[in-house]
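Subject: Handover of a structure and its findings

Dear colleague,

Please find below the structure that I am passing on to you. My notes on it follow directly after.

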Amino acid sequence: MSSQIEFGSGKKSMVEPLPIRLRDLVLLVIGPENISPLMSRAVIEAFVRLHEKGLIYQGSYMVNWSPNLQTAVSDLEVEYSEEPGTLYYIKYRVAGGSRSDYLTIATTRPETLFGDTAVAVNPEDERYSMYIGRQAIVPMTFGRHVPIISDKYVDKDFGTGVLKISPGHDHNDYLLARKLGLPILNVMNKDGTLNEVAGLYCGLDRFEARKRLWKELEETGLAVKKEPHILRVPRSQRGGEIIEPLVSKQWFVTMEPLADKALKAVERGELTIMPERFEKIYNHWLSNIKDWCISRQLWWGHRIPVWYIEGKDCEEEYIVARRAEEALQKAREKYGQNVEIYQDPDVLDTWFSSALWPFSTLGWPDVSSEDFKHFYPTTVLETGHDILFFWVARMVMMGIEFTGTVPFSNVYLHGLIRDSQGRKMSKTLGNVIDPIDTIKEYGTDALRFTLALGTAGQDLNLSMERLTANKAFTNKLWNAGKFLLQNLPSLTDTSAWETLLTHKFHQEESLLCLPLPECWVVSKLHVLVDTVTTSYDKYFFGDVGREIYDFFWGDFADWYIEASKARLYHSEGQSVASISQAVLLYVFENILKMLHPFMPFVTEELWQALPSRKEALVVSCWPQTSLPRDANSIRRFENLQVLIRAIRNARAEYSVEPSKRISASIVANSEVIQYISKEKEVLALLSRLDLQNVHFTDSLPGDANQSVHLVAGESLEAYLPLADMVDISAEVQRLTKRLSKMQAEYNGLVARLNSPKFVEKAPEEIVRGVQEKAAEAKDKLTLTKNRLAFLKSTVSV
C-alpha cells in the first residue's frame, strides 16, 4: 500500500492535516510535462502582470543558441568544459600600408571573422599604438575594412595582444560593441550554418567552414600558424552540443527589482539556505543577475500570450492578453473591426512556469496573499547545487512578487548524485543509473533511503553495494513486521489484548517495573526519539537515517527480537509474554513513524497491517519526546551483551557446531549475579548454552583450569569447559599440523625480506605488501602457539 499527498486544490485541508514533522519534509516535485489548466492560467496571469509592470520586454540581444534544438537556452543551461582545441593566428593587413604593415590576431573561432566589425588593441600596448585610428582589412572578405580601435578590455598578454571584435558571436565582444557603438553582424543561420554575410562560405556548417577557411588562409599567405590550446567550451546541458552565442529577438524579464526582494528575504532571516555556504552563492548570483531570456523556440510548453497585428512591425505593434478573444477585442479597439492577429509561436522557458509552482498549485491567482502564509510548507527539499538558481531562487522571486511572501522559510540542498567512482553521470561515460530500473531491482524505499543518507551539500557516490545493503534493510524491516504480527495475540482474544494494552511506557514507574531487556530497549527507544527529533529539527537527515538504522538493526532486530523469543517461546508465564508483545508493538510502531519520511511505502504497508490502525501513518502523531529512560538498565544490559558476544566469539574460535549447547559458569559479584541470573533464559538462548548447566557463582569454578576463560567486564567473567566445545586430542593434532604449515609460510616471507636483492630491486609497494603479510603471519603464528599450549596443558591436567 502507498500513500499520496495531493496538492493543488486550493483548499487548506490539503495541507493542514500533516503533522508538523512530516509537513517539514514534504518534497516538492515538478516537471515540464505537469501542465494543468490551473498551472496554465497562472503562467499566463504572471506574464501579463509582469508585462503590465514593465518587467517583461522584447528585444534583439545576445543569447545562447542551440543549433540542434533550434532554440535559445538560458545561461544556467550551458555547461562549460575544458577541452583540447586550436588557437589560430591570422594576418589582418593595415589598409594603406606596406606589405609589412599587418596585425596578427589569435582566435579559436576563425569562421566568425566574417562578422568582425573592429580590431582592438590595448591603449597601453606600444607595439600597436601607430595603428590606432587606422583601418584593417578583414581576410577573405574582398577588402572589407574595419576600424582599429583601442580599449583596456584587450588583454595584452593573450595571444598577440590583438583582438578581433565579432559582436554577433561573442558575449564580451557584444558588450564592447554596444559600449562603443559598433555595428553587429550575424554570420550564422539558426541551424549553425554560415549565412550570406560569409560570401562563398554561405551554407557551410560552422565547423566545416573553419577547416576550409584555414586551408584557404594558408594558400593566400594570411595564415601565420596554429597551435594546441585548451578551450572553455560551452555545451548545451540538454543535448551536449556546442552552444553558439547569437543575437536573436527574444522575450526577457527584467530581474534586478525581483532579485532585490529575494536578497532582502535572506538578509531579514525570512529565508534560510542550508548548508550555509550556499547562501553566499545565492547572494552572489542575485547580486550579479542578468535579465532572463524566457522565450524558447520549441514545440512544447506554455505559449507566450502575445499576439501580433498582420502587416505591422512585430517589435512595435503587439498585444498582451490572457486569451485570444481578449487579444482580438483589444486589436479591434485600436485598429478597427477588420484587423487580423496571430499569436507569437514561441513558448516560455520551463523554469518560468516551474517558478510559479508553489503558489499556482494552491489556487493563485484566486487565493489571497494572506492565505499563502498558511499554505506554504516549511521546507523545500532539493536535489543538487545548480537547482538553487534554476528553480529555488526563481520560486523565491516569483513568490514574493505575486503573493507578498517567500514560498518556504528554509531551503535544504544536497549534492549531486554521482556514480560509485565519484564521476558525474553522463551518456558519454555510460555510467547513468536509471532510477526506474533501480527501483525495479531494489525498491523505491531502498533508493530513497540511500539518497537521504547523504550529507547536506555534498555529492553522493551511488553504488550498487549501498543499494543492496539498504534493500536488505528494507527486507529486515518487513521481516520484523512479520515476526511481530505472528506473535501478537489473535484479534478474537479480547482478554489478551486488554492485558497487552494496559502496559504503558511513558511513565517512569511503569518503565522501571519492566524486565531488563524490555527496560533497555524502551529506554534506548526514548533516547533515539529525542536524538532523531533534534536531528530532524536541524535538517541533519543523514544523521537521522543512520541513527534509526543502527537502533533498528543493531538493537531492536539483532538483540531485542532475539531476546523476546525467550519470553514468547520458552517462558511459562503469560504475563511475561504479554509484556514482551507490548514492547515489541510499542517499539516497532515508533520505528515506523520515524522511518516514514525516508521509506513511506514499506512503513505505511506495515503500519496498516498492525491491529486497530484507524488512520494512515502519514497523518499519525510524531513520537512523544522527553520520555523516561533508565540509564542503569542500559548499562546492565550492555554488560549482558558483552558477555554474550564473548561466548559467541569463543564458540566461533573453537568451531563449535551451532546446534551444540555448552555449559558455562558465570563469575561475578552479588549485584551483577542478581540481574544477570534473572535473564538466564535470554543468556542461554542468545549464547546457545545448555540452560540446565548455566551456573552463577562469585568464586572460581572447580574446572577453571580446563575451561576457556572469558572476561566480559571488571566484575563479570565466564568459564566455558573446553571438553564441551571440542575433542581436545583431535584439536591438538589439527593445530600441530596447521602450526607447521604456518611456520613454513612465515619463514618464506622472512627469507624474502632478508634478501638484499629483493628489497633493493622490488617496487616499494611490493616490499611493503610482503612486510604486511609477514607481520600478519607472525600474529597468527603466535595466537596458534598459545592456543596449542593451552590445549596441551588441559590434557596434562
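To begin with a question: does glutamate 518 count as buried or exposed, and at what relative accessibility? At 1% relative accessibility, glutamate 518 counts as buried. Please bear in mind throughout that the model is a predicted one.

Salt bridges

Glutamate 518 has a charged partner: its side chain meets that of arginine 567 in a salt bridge, with 2.9 Å from N to O. Glutamate 518 belongs to helix 17 (residues 516-537) and arginine 567 to helix 18 (residues 541-568), so the bridge ties together parts that are 49 residues apart in sequence. Arginine 567 also counts as buried, at 7% relative accessibility.

In the whole structure, a search finds 37 salt bridges. Another of them links arginine 296 and glutamate 77, with a distance of 3.5 Å from N to O. Here arginine 296 lies in strand 13 (residues 295-296), while glutamate 77 sits in the loop between strand 2 (71-73) and strand 3 (78-93), so the pair ties together parts that are 219 residues apart in sequence. Arginine 296 is buried, with a relative accessible area of 1%, and glutamate 77 is buried too, with a value of 4%.

A further salt bridge is formed by aspartate 419 and arginine 423, whose closest N and O atoms are 2.8 Å apart. In this pair, aspartate 419 is buried at a relative accessible area of 5%, whereas arginine 423 is partly exposed at 32%.

Salt bridges can also share partners, and in this way Glu45, Arg49, Arg322, Glu326 and Lys330 are joined into one network.

Strands and sheets

Strand 14 (residues 306-309) is covered on both faces. Val306 and Tyr308 are buried on one side, and Trp307 and Ile309 are buried on the other. Strand 14 runs antiparallel to strand 15 (residues 318-320), and 3 bridges join the two. Within that pairing, valine 306 stands opposite valine 320. Strand 14 also pairs with strand 16 (residues 341-343), again in the antiparallel sense and over 3 bridges. There, tyrosine 308 has tyrosine 342 of strand 16 as its bridge partner.

Elsewhere, 4 strands form an open sheet in the order 2-1-10-12, with antiparallel pairing. Its edges are strand 2 and strand 12 (292-293), each with a single partner strand, so one side of each is left without a neighbour in the sheet. The partner of strand 12 is strand 10 (residues 244-253), and the two pair in the antiparallel sense over 2 bridges. In this pairing, valine 253 has tryptophan 292 of strand 12 as its bridge partner.

An enclosed helix

Helix 11 (residues 387-403) has 17 of its 17 residues buried, so this helix is largely enclosed by the rest of the structure. Just after helix 11 comes glycine 404, which takes a positive phi of about 80 degrees.

A charged patch on the surface

On the surface, Arg645, Arg648, Arg661 and Arg688 gather in a patch of positive charge. One of these, arginine 688, is found in the loop between helix 23 (680-687) and strand 23 (689-697). Arginine 688 counts as partly exposed, at 38% relative accessibility.

With kind regards

Methods: Residues are numbered from 1 along each chain as its sequence is written. This is a predicted model: local features need pLDDT of at least 70, side-chain atom pairs count only at pLDDT 80 or more; totals for chains, interfaces and linings use all residues. Side-chain values use heavy atoms; hydrogens and water are left out. A salt bridge is a side-chain nitrogen of Lys or Arg within 4 Å of a carboxyl oxygen of Asp or Glu. Buried means under 20% relative accessible area, exposed over 50%, partly exposed in between (1.4 Å probe, protein chains only). Two strands pair if DSSP finds at least two bridges between them. Patches are made of residues with over 30% relative accessible area and no salt bridge: like charges are joined within 9 Å, nonpolar side chains (Val, Leu, Ile, Met, Phe, Trp, Tyr) within 5 Å. Accessible areas come from the Shrake-Rupley method with a 1.4 Å probe; for residues, only the protein chains shown count as cover. Lys and Arg count as positive and Asp and Glu as negative; His and the chain ends are not counted. The place of a charge is taken as NZ of Lys, CZ of Arg, CG of Asp or CD of Glu.
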